[in-house]
Amino acid sequence: MDLYYVNKNVQTNGDHEVHKSTCGHKPNRENSLYLGAFNTCKNAVKEAKKYYIKSNGCYYCCNECHTS
Ligand SMILES: [Zn+2]
């Protein structure tokens with residue numbers, strides 16, 4: 001299980017990025033919304049979509065859930 005966060009700030013393409021707690025590209029604490037512990041990034045993105053409909057996996061830590 002990994003701990004996942006979603007960036008409260010929107011990217012220039014309109015996405016809110018989902019990150020693992022270990023990602024070097026995750027936003028700082030005040031811009032991170034904690035999602036919970038998940039087995040797969042797909043479940044984390046699904047959870048993030050409850051908050052931000054345009055949620056997307058981080059290219060670096062959630063590449064399999066990243067869509068461009
Ligand atoms: Zn990341």
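This report walks through the sheet, the helix, the metal site and the cysteines of one structure.

The model is predicted: local features need pLDDT of at least 70, side-chain atom pairs count only at pLDDT 80 or more, and totals for chains, interfaces and linings use all residues. Residues are numbered from 1 along each chain as its sequence is written, and side-chain values use heavy atoms, with hydrogens and water left out.

## The sheet and its helix

Start with the strands. Strands (E, at least two residues) and helices (H or I, at least four) are DSSP runs, numbered from the N terminus. Two strands pair if DSSP finds at least two bridges between them.

Here 4 strands form an open sheet. Their order is β3-β1-β2-β4, and the pairing is mixed. The edges belong to β3 (32-38) and β4 (55-57). Each has a single partner strand, so one side of each is left without a neighbour in the sheet. From one strand to the next, the twist averages 30 degrees. For such angles, axes are lines fitted to C-alpha atoms, for helices over the stretch in contact, and values run from 0 to 180 degrees between N-to-C directions.

Now the pairs. Strand β1 (residues 2-7) and strand β2 (residues 16-20) run antiparallel, joined by 3 bridges. Val6 has Val18 in β2 as its bridge partner. β2 also pairs with β4, in the parallel sense, over 3 bridges.

Helix α1 (residues 41-48) lies across β1, β2, β3 and β4. The helix runs at about 140 degrees to β3.

Is His16 buried or exposed? Its relative accessibility is 10%, so His16 counts as buried. Buried means under 20% relative accessible area, exposed means over 50%, and partly exposed lies in between (1.4 Å probe, protein chains only).

His16 sits in strand β2. Opposite it, in β4, stands Ser55. Leaving aside neighbours within four places in sequence, His16 is in contact with several residues, including Val6, Tyr52, Lys54 and Asn56. Contact means heavy atoms within 4.5 Å.

## The zinc site

Which atoms coordinate the zinc ion? They are His19 (ND1), Cys23 (SG), Cys58 (SG) and Cys61 (SG), at 2.1 to 2.4 Å. Donors are N, O and S atoms within 2.8 Å of the metal (3.2 Å for Na, K and Ca); water is not among the atoms, so sites may look incomplete.

The site is tetrahedral, with angles of 99 to 122 degrees among its 4 donor atoms. Along the chain, the donors follow the spacing H-x3-C-x34-C-x2-C.

## The disulfide and the buried cysteines

A disulfide is a covalent bond between the sulfur atoms of two cysteines. Here the term applies to a pair of cysteine sulfur atoms within 2.5 Å. The whole structure holds 1 disulfide. It joins Cys41 to Cys65, with S to S at 2.0 Å. The link of Cys41 and Cys65 is right-handed, with 80 degrees about the S-S bond. Cys41 lies in helix α1 and Cys65 in the segment after β4, so the pair ties together parts that are 24 residues apart in sequence.

These cysteines count as buried:

| Cysteine | Relative accessibility |
|---|---|
| Cys41 | 5% |
| Cys65 | 12% |
| Cys23 | 10% |
| Cys58 | 1% |
| Cys61 | 16% |
| Cys62 | 1% |

Cys62 is in no disulfide. Its nearest cysteine sulfur, that of Cys61, is 3.6 Å away.

Key
Four donors count as tetrahedral if all angles lie between 85 and 135 degrees; four count as square planar and six as octahedral if opposite donors are over 155 degrees apart and all others between 65 and 115; anything else is irregular.
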